[in-house]
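Subject: Structure for you to look at

Hello,

Here is the structure I said I would pass on. Please open it first, then read my notes below with the model beside you.

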Amino acid sequence: EHVAPAATFVLGELGTIPADAETVIRSNTKSERPGLRAVSYWALARVNPDDMVLRREAVVELIARLKDENPQVRQVAARALAALPPSPELVIPIWEEAMKDADSTTVYHALDALATLGEPAVPRLVSLLETHDQLRVEVTYVLGQMGPAAAPATDALAKLVADEDLHLATEAALALGHVS
């Protein structure tokens, strides 16, 4: 029971799944255990990057797990999304729905995963800066971590340097340093 998620993760990391193991992993995508289901989808999508149907199913499952009642499952899902950078046109619409009502830890991991999309995620991140006051520090940090890919966010970040919230202003200044 405890070995299956770890073994599935290892096979996904190795980038190859033997045929007999793939059959088991495919059946685990229907498991009652959300963590096993999430890691199974991730591993299959990782070793089959050209299977867009599977990739979409994996992204939908992983994003759904961002709202799981178990914080470990939420963390696994967020990290899996970060390790499986899917195409922006597939992820961003699903992502916006998943971010609603998420707890702060999940939001942080989700933002980190969203940043792996690179420049195509920047307009959505800038939108979060403008519409979600409670996420501004985290989004600013993520934009900084994206480095030059976040260049389209320069104007939005520059406005935050003068913010009354010193933590936000500092994070914005640091982000600008990483972006340029």
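R26 and E22 are 4 residues apart in helix α2 (residues 19–28), so they are separated by about one helical turn. Helices here are DSSP runs of H or I with at least four residues, strands are runs of E with at least two, and both are numbered from the N terminus. The side chains of R26 and E22 meet in a salt bridge, at 2.9 Å from N to O. A salt bridge means that a side-chain nitrogen of Lys or Arg lies within 4 Å of a carboxyl oxygen of Asp or Glu. As background, side chains of opposite charge can pair when their charged atoms come close.

Before going on, a note on the source. This is a predicted model, in which local features need pLDDT of at least 70 and side-chain atom pairs count only at pLDDT 80 or more, while totals for chains, interfaces and linings use all residues. Residues are numbered from 1 along each chain as its sequence is written, and side-chain values use heavy atoms, with hydrogens and water left out.

Are the two partners in α2 buried or exposed? E22 is buried, with a relative accessible area of 19%, and R26 is partly exposed, at 36%. Buried means under 20% relative accessible area, exposed means over 50%, and partly exposed is in between (1.4 Å probe, protein chains only).

Now take α2 as a whole. Its buried residues are A21, E22, I25 and N28. They cover an arc of only 115 degrees around the axis, which puts them on the same side of α2. The arc is taken from the directions that run from the helix axis to the C-beta atoms. What covers these residues includes α1 and α3 (34–47). The face turned away from the buried side carries the exposed residues A19, D20 and T23.

The overall picture is as follows. The chain has 11 helices and 0 strands. Of its 180 residues, 48% are buried. The accessible surface comes to about 9,300 Å², and 55% of that belongs to carbon and sulfur atoms. Accessible areas come from the Shrake-Rupley method with a 1.4 Å probe, and for residues only the protein chains shown count as cover. Among contacts between residues at least 6 apart in sequence, 59% join residues at least 24 apart. Contact means heavy atoms within 4.5 Å.

How many salt bridges are there by the rule above? The count comes to 6. One of them joins R65 and E61, at 2.8 Å from N to O. These two residues are 4 apart in helix α4 (residues 52–65), so about one helical turn separates them. E61 counts as buried at 12% relative accessibility, and R65 counts as buried at 15%.

Another salt bridge, between R136 and D163, has an N to O distance of 3.1 Å. R136 lies in helix α9 (residues 136–146) and D163 in the loop between α10 (154–160) and α11 (166–179), so the pair ties together parts that are 27 residues apart in sequence. R136 counts as buried at 17% relative accessibility, whereas D163 is partly exposed at 21%. Salt bridges that share partners also join R37, E61, R65 and D68 into one network.

Leaving out residues up to four places away in sequence, R65 touches P34, R37, A38, V73, R74 and A77.

Last, two separate places. In helix α7 (residues 104–115) you will find L114, which counts as buried at 4% relative accessibility. The C-alpha atoms of L114 and L125 are separated by 8.6 Å, and the two residues are 11 apart along the chain. F9, in helix α1 (residues 3–14), is partly exposed with a relative accessible area of 40%.

Regards
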